[in-house]
Amino acid sequence: MTAQRRVFVVGAGPAGLMAAEAAAEAGAAVTVVDQMPSVARKLLIAGRGGLNLTHSEPIDRFLDRYGAARDALAPIIRAFPPEALRAWCHALGQPTFVGSSGRVFPHAMKASPLLRAWLARLAAQGIALRTRHRWVGLTADGALRFASPAGEAVERADATVLALGGASWPRLGSDGGWTALLPDVAIAPLRPANMGFCVAWSDHLRTRFAGMPLKRIALTFAGTTQRGEAMLTAHGIEGGAVYALSAPLREAIAAEGNATLLLDLRPDLDHATLARRVNARPAAVTLSNHLRRAAGLPPVAIALVQEALHDGASRDDLAALVKALPLRLTAPFPIARAISSAGGIAWSELDDTLMLRRHPGIYACGEMLDWEAPTGGYLLQACFATGRAAGRAAAS
């Protein structure tokens, strides 16, 4: 009789739990280890605003969202595509729906019911879960070392799946400390992704308008325009439309020291129409009232126009300023505030099964790998898909 293959999964986020499930389904005896007192904390936080699981757009366009990592991720996601993820959710008693933007959500619109059902199924599969165990490296002969409340523990497994995440929201468990534990593996530096950016607002704007939303706007950078919403903060600007452009903005700032983002405060009006309304201001009407009446701008948008004028923008064509208001971004927000992270284990370090070439029997998945994607369901889809691929391979 063949002994049951023993698989350890380090990290109990979406990628790790999916790896554990896939390995158990393939017949392995699985143990999941996590340093936090409870599992999937980042998933639960993500679900507070409506758990965006995946996206319904055509698969080729979907895969394009992964940029430079497209070719590496394509076969993995095609093996577990969005429709498979939706079927998986349905099997857990959590049916999904497609929102008006094409994003896919569970009907419950939060993560906790899905996670409860998932953990119950994992327990029924016999998967063991150990919390408060932090992975601290490998022994000389490749065994796993853990720091636990009872002291250091050493575990030997037939295969290991590392699912330790990136470095965003470190208080939830993924702090990027694992990069120091794989010194012989090429790792692209972990950087913030889907984050906001610093802008040197005036004291007036920072004091009066921090926390105010910008609705129905468009942002343009390097020839790409993104419609959506954003929010001013005391230190800059963030929000969905900003996140969609965050990767090229981050790289431009790294190369040049700053980047100029163009903000269209009235994307529904063309320049000529807006110019007829705003470029001739009656002398008796203040600029604020004129922009409010003629352009329909809310107070926060008017403040941004006034800030730009104060900084030297031309008054000759107010419509042009409203349509392309320059925002000078000086730095991305810190990775601890980012929704996700870029960078991670180089694809050249992995074989086609996501096994580390330098460490046979050890696999990696999720945000540990060198990829990034915008918000919209692409992040979770890749975590689930790579977790499933790594778990299946570890169990074989």
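Reader: In which hand does H11 pass H12, right-handed or left-handed?

Author: This is a predicted model. In it, the crossing of H11 past H12 is right-handed.

Reader: At what angle do the axes of H11 and H12 cross?

Author: Roughly 130°. H11 covers residues 287-294 and H12 covers residues 299-310. Their axes come within 10 Å.

Reader: Why is H11 oblique to H12?

Author: Angles over 145 degrees count as roughly antiparallel, and 65 to 115 as roughly perpendicular; the rest beyond the roughly parallel range are oblique. The crossing is roughly 130°, so H11 is oblique to H12.

Reader: Which residues make the contact?

Author: From H11, Leu287, Ser288, Leu291 and Arg292. From H12, Ile302, Val305, Gln306 and Leu309. They divide into 5 nonpolar, 2 polar and 1 charged.

Reader: Now the sheet. How do strands of a sheet pair?

Author: Through backbone hydrogen bonds, either parallel or antiparallel. Here, an open sheet of 7 strands has antiparallel pairing. Its order is S17-S16-S13-S14-S15-S12-S18.

Reader: Which are the edge strands?

Author: S17 (325-329) and S18 (331-332). Each pairs on one side only.

Reader: How many bridges join S16 to S17?

Author: 5 bridges, with the two strands running antiparallel. S16 spans residues 259-264.

How values were computed. Residues numbered from 1 in each chain as written. Predicted model: local features only at pLDDT ≥ 70, side-chain atom pairs only at ≥ 80, totals over all residues. Heavy atoms only, no water. Axes fitted to C-alpha atoms, helices over the stretch in contact; angles between N-to-C directions. Helix = DSSP H or I, 4+ residues; strand = E, 2+ residues; numbered from the N terminus. Parallel < 35°, antiparallel > 145°, perpendicular 65-115°, else oblique. Left-handed = near helix turned anticlockwise from the far one by under 90°. Contact = heavy atoms within 4.5 Å. Nonpolar A, V, L, I, M, F, W, Y, C, P; charged D, E, K, R; others polar. Pairing = 2+ DSSP bridges.
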